[in-house]
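Open the structure in your viewer and follow the stops below. Each one says what to select and what is there.

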Amino acid sequence: MKYLIRTMIVSFFICNLLPITINAKECVNVLTLDFVNELEQLTKSPLVAEDTYKDNTPLKRVDAAVLLDKAYCLMYDDKYDESIYEKVVSKNRITDLNKVSNEKQSAVLRCFVRGLMKGYSPGKCHQERVFKGNNYITSDEAQECINRLKKNSIRVQLSQDGQVIRTTNLPKNAKDFPYILEAFPNDFYEMAFQFNFFDCSTQKMIENSSIDEILNSKSYKEWEGNPGWYKSKKDPYGNGTYTTPAKVNQMANGIYCSSFTDPIEYPFRFTAFINMREMYEEGWCQMIEDYLELRYSVNYKDSKWVNAFMKSHGNSEKVKDYIKDIKKNKVVIECNQVTVEPSTIYDSEGICIRTYVKFQVKSAVSLKDLNKVFYKDYIGSAPIKYNSLEKGKWKEIYVDYKVMLGVIRLGEGHVPIEDYVVCGNSTEDTVMENRMKGPISDYKVEKVKTGRYKGYYQWALK
């Protein structure tokens with residue numbers, strides 16, 4: 001113990017007596033006066049009064065942000081993207097900002113928005129970040145901040161809703177998205193869109209062609225029950241019948257969506273434009289998040305959960321049967337995280353949004369029949385299936401949830417009234433193993449052996 005204390009004391013004096021620059025490796029943390037001096041050399045102007053920092057002590061991240069903010073204003077101007085700034089605040093993108101003193105919060109936010117300091121991601125598929133303002137800034141971090149201050153091209157890029165974008169190690173289908181987020185792994189993006197499931201008469205076509213080329217080719221075989229809709233001509237607004245997230249982001253008016261109503265009971269067809277940004281602001285993503293948190297927070301003993309679930313899903317016989325099943329099966333599911341990412345919005349006969357869910361089944365008499373564990377969306381036709389599902393083990397899935405725009409009734413004077421419905425895939429919950437069309441190493445091309453598509457090629461997991 002005495003040796004440890006003596007070593008710490010000696011190390012302290014060495015770090016404070018030897019000449020130190022920001023690149024120095026002798027000390028992990030940057031010292032305040034060294035950082036100030038470095039910035040003053042860049043700005044050619046004093047940043048603070050001479051007696052502000054009397055001792056050359058390790059510099060906290062929040063104080064580094066204050067100094068960088070002042071240096072930026074001296075080198076350039078005091079402008080920043082106010083729209084992104086507002087989103088970062090309103091969506092609480094920096095979750096520990098309240099741990100920073102009020103007079104320094106604006107400087108932290110401006111440094112974040114200008115791409116000088118990006119904080120840390122709390123984990124996979126998180127849309128928020130932590131700043132850790134009271135931690136000391138390391139020499140590597142400080143040098144990185146100064147490099148960003150000098151050069152605009154290497155600054156951190158943010159999405160319009162205040163999330164950190166990455167530009168390296170991109171997914172193979174990055175062009176299908178408006179941007180790729182740092183906290184979301186590649187397999188989140190490489191999962192198939194709902195319109196990616198297709199069959200083709202030639203192996204060469206499916207291996208080498210783009211989705212657009214395949215869907216518009218003569219060798220493409222249509223899904224049963226959807227004759228011609230993939231290859232249909234333009235809708236009334238000149239758009240196609242499917243749209244990738246990248247194309248949705250480029251469209252000025254958003255994506256075209258139409259409801260298909262009963263021609264006898266509801267003879268009017270209601271159409272509307274859905275703008276991606278408006279859809280996000282109006283709380284559609286929050287609606288899906290609330291829906292999934294209920295669905296993956298099952299507790300057969302909790303009457304409050306049962307009532308909330310029935311209220312959100314409707315008091316139908318299907319819902320009543322599900323409640324009976326989970327009570328008999330003693331189902332308890334814990335939901336750890338639900339993330340609905342708006343930059344993944346695309347059109348596939350309706351508005352689809354990619355979502356990350358992390359959950360675990362804490363209690364169940366049996367997992368043999370998963371329809372008695374998980375609630376099945378009303379349009380689902382295939383059995384619910386999860387790979388490697390075990391009690392007490394965390395499970396992560398990616399799901400493309402659809403927000404359907406429909407008409408539930410006609411108002412006075414035959415005015416259609418909108419209703420928004422959340423539903424899952426038409427086949428089954430999409431697990432992480434179900435990825436994009438390819439070519440990806442996990443996939444191979446094989447012929448369909450039975451059924452309507454026998455003899456046609458499709459992508460299949462190895």
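Start by colouring the chain by pLDDT, the predictor's confidence in each residue, from 0 to 100. The average is 74, and 62% of the residues score at least 70. This is a predicted model: local features need pLDDT of at least 70, side-chain atom pairs count only at pLDDT 80 or more, and totals for chains, interfaces and linings use all residues. Residues are numbered from 1 along each chain as its sequence is written, and side-chain values use heavy atoms, with hydrogens and water left out.

Select residues 1-26. Here pLDDT stays under 50, and the model has 19 contacts (heavy atoms within 4.5 Å) beyond four places in sequence. Now take residues 252-274. This stretch is also below 50. It has 65 contacts beyond near neighbours in sequence.

Next, show helix H3 (residues 61-75) and helix H6 (residues 139-150). Helices are DSSP runs of H or I, at least four residues, and strands are runs of E, at least two, numbered from the N terminus. H3 and H6 pack at about 20 degrees, with axes 11 Å apart. Axes are lines fitted to C-alpha atoms over the stretch in contact, and angles run from 0 to 180 degrees between N-to-C directions. The two helices are therefore roughly parallel (under 35 degrees).

Which residues of H3 and H6 meet? Select Arg61, Leu68, Ala71, Tyr72 and Met75 in H3, then Glu141, Cys145 and Leu149 in H6.

Last stop: aromatic pairs, with ring centres within 6.5 Å. The whole structure has 16. Select Phe309 and Tyr375: they are edge-to-face (planes over 60 degrees apart), at 5.3 Å and 85 degrees. Phe309 is in helix H13 (residues 303-313). Tyr375 is in the loop between strands S11 (351-363) and S12 (395-410).

Notes. Parallel < 35°, antiparallel > 145°, perpendicular 65-115°, else oblique. Phe/Tyr/Trp six-rings, centres within 6.5 Å; stacked < 30°, edge-to-face > 60°.
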